Amino acid sequence: MRRSNRAWLPRYCSPDDLLPRIPETRALFSRRPYLVQDFVGKTISFLNSDEARKMGLEYDERCAIPCKWRCADESLFGVDLAIYAYTRAYPFDKGRIGGYFNEASIGAAVHHGRINVDLGGSHVGYVPGPDGGSFGRVWRPAEREYSTDCGHLMAVISPFKQIYDDACDNILVCQPEGERVLVSIPNEFIQPTWSSHPIKLLVDPDTLTDGEVEYDHHRPHTHTLIGRSLFYAHPDFIAHLPEDELHRLTTTVRQRIGHSLTHRYFNIFDAEAELDEEGLPRQRLLLYMKFILSARHSPEGLKAAVINTSLEHNRLTDAVRAGPYIGYDFISFSGVFIDIYSKDARSYVNLFQPMGMTIKPRGKTRELEFTPEEIHEIFDRIPVAEPRMPLKAVLDYDRPESALESFTYEPGRFTRT
Ligand SMILES: [Zn+2]
């Protein structure tokens with residue numbers, strides 16, 4: 001008989017409830033990101049193109065102001081400088097630390113220019129290296145060491161990651177001689193009161209297990225270990241294992257489940273998280289935490305940046321549809337900024353992976369939406385505009401080619417081990 005522990009989950013973690021989808025990192029990064037300065041230069045060309053006019057955008061740069069929403073981190077200042085070099089305008093700040101969109105800024109921004117061109121998103125540090133480099137850290141020249149980037153998002157993830165890693169190391173799988181595959185689970189991952197830690201990871205017995213193993217005096221492996229419960233592995237869990245994992249886990253010696261603990265098999269929540277009146281965590285990233293931690297093809301720092309950008313892009317497009325802003329134009333580019341410290345340029349260099357472009361013409365409530373494929377299709381063929389001020393004078397470098405080339409991440413090359 002299979003028993004559930006889903007009643008212990010907060011409502012928002014219910015695996016039966018539908019969660020809005022987020023673009024897959026793997027699909028987004030099947031295309032190379034742009035240097036921010038190239039993306040800004042191409043944006044200027046696009047806004048002034050016949051193509052944009054045909055889409056219903058009446059762009060007049062005399063009434064437009066560039067806006068940014070990004071984290072406060074100085075590693076992102078290249079975004080502001082690129083905007084400045086191409087427009088000779090200071091970007092209006094619609095962002096907050098952590099890469100959040102500041103809704104209260106819209107009212108002032110539209111009074112400074114009736115066309116708002118928004119460029120924003122979360123950021124993540126990238127350290128070039130073999131096998132596609134690594135995400136979530138960047139070199140801090142003033143401290144002469146690496147530190148987390150985006151520090152805010154990494155701090156949100158960090159306590160959850162500790163518990164997830166602990167579960168990966170301590171949930172054990174084996175197959176005794178002549179027996180089915182068994183899963184030995186520490187009790188704190190079955191029922192929340194077995195741990196005093198506010199962050200609770202509960203395996204989902206409905207998907208990971210196929211009933212408890214009954215005690216049999218003559219079969220020593222069925223004897224209960226203190227602090228652990230023993231289950232049969234669910235046939236679907238075994239069926240979904242990649243070949244090498246199946247091989248690794250079906251031996252007579254107990255093996256750690258490792259990253260085969262994918263999002264299907266567990267839920268994770270902070271028992272002390274602040275909830276809103278709908279019962280949802282105020283930090284919306286928490287809704288997607290198990291996907292961030294266990295994505296097979298995406299490092300957690302990058303995944304968190306992708307999800308946060310999606311959530312904030314939604315808040316932006318939702319806000320500009322509201323009554324007071326009906327008479328204004330918004331052209332909004334959202335994506336992930338990738339920070340690289342370039343020793344050649346002696347500076348941070350920013351790449352940008354676009355995730356969405358929306359055009360909300362004045363008088364309309366709904367916007368035109370463009371997929372990442374469409375943005376790349378348009379931007380790959382559109383030329384970079386002439387900057388209003390020499391890039392070398394503003395950025396202290398023309399084009400940091402080596403930083404762009406040092407970005408070698410491809411989702412297929414990254415696998416959690
Ligand atoms: Zn940050």
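The questions and answers below go through the domains, helix packing, strand pairing and backbone of a predicted model.

User: How are residues numbered, and which pLDDT limits apply to this predicted model?

Analyst: Residue numbers start from 1 along each chain as its sequence is written. This is a predicted model, in which totals for chains, interfaces and linings use all residues, side-chain atom pairs count only at pLDDT 80 or more, and local features need pLDDT of at least 70.

User: Which residue ranges make up domain 1 and domain 2, and how far apart are their C-alpha centres?

Analyst: The domain bounds come from an automatic or database domain assignment. Domain 1 is given as 6-21 + 156-294 and domain 2 as 31-136 + 299-413. Between their C-alpha centres the separation is 38 Å.

User: How many residues of domain 1 are in contact with domain 2, and which element gives the largest share of that side?

Analyst: Contact means that the C-beta atoms of two residues, placed from the backbone, lie within 7 Å. By that rule eight residues of domain 1 are in contact with six residues of domain 2. On the side of domain 1, two or more residues each come from helix H6 (151-170) and helix H10 (289-294), helices being DSSP runs of H or I with at least four residues and strands runs of E with at least two, numbered from the N terminus. The largest share, three residues, comes from H10.

User: What classes of residue does domain 1 present on the side that touches domain 2?

Analyst: Ala, Val, Leu, Ile, Met, Phe, Trp, Tyr, Cys and Pro count as nonpolar, Asp, Glu, Lys and Arg as charged, and the others, Gly among them, as polar. The side of domain 1 that touches domain 2 has two charged, no polar and six nonpolar residues.

User: At what angle do helix H2 and helix H4 cross, and with which hand?

Analyst: Axes are lines fitted to C-alpha atoms, for helices over the stretch in contact, and angles run from 0 to 180 degrees between N-to-C directions. The axes of H2 (residues 36-47) and H4 (residues 77-87) come within 9 Å and cross at roughly 35 degrees. A crossing is left-handed if the near helix is turned anticlockwise from the far one by less than a right angle, and right-handed if clockwise; that of H2 and H4 is right-handed.

User: Which residues of H2 and H4 meet, and what are their classes?

Analyst: From H2 come Val-36, Gln-37, Val-40, Gly-41 and Ile-44, and from H4 come Gly-78, Val-79, Ala-82, Ile-83 and Tyr-86. The residues of this contact are seven nonpolar, three polar and no charged.

User: Which strands pair with S2, and which unit does S2 make with H4 and S3?

Analyst: Two strands pair if DSSP finds at least two bridges between them. Strand S2 (residues 64-69) has six bridges to strand S6 (residues 115-120) in the parallel sense, with Cys-67 opposite Asp-118. S2 also pairs in the parallel sense over two bridges with strand S3 (residues 92-93), where Asp-93 is the bridge partner of Lys-68. S2, H4 and S3 make a right-handed β-α-β unit, right-handed meaning that, with the strands pointing away from the viewer, the path from the first strand over the helix to the second runs clockwise.

User: Where is the peptide bond that is cis?

Analyst: Cys-150 is found in the loop between strand S10 (145-148) and H6. With omega near 0 degrees, the cis bond runs from Asp-149 to Cys-150.

User: Which residue takes a positive phi in the hairpin of S9 and S10?

Analyst: Strand S9 (residues 137-140) and S10 run antiparallel and are joined by four bridges, with Trp-139 opposite Tyr-146. The hairpin has four residues between the strands, and the one with phi near 50 degrees is Arg-144.
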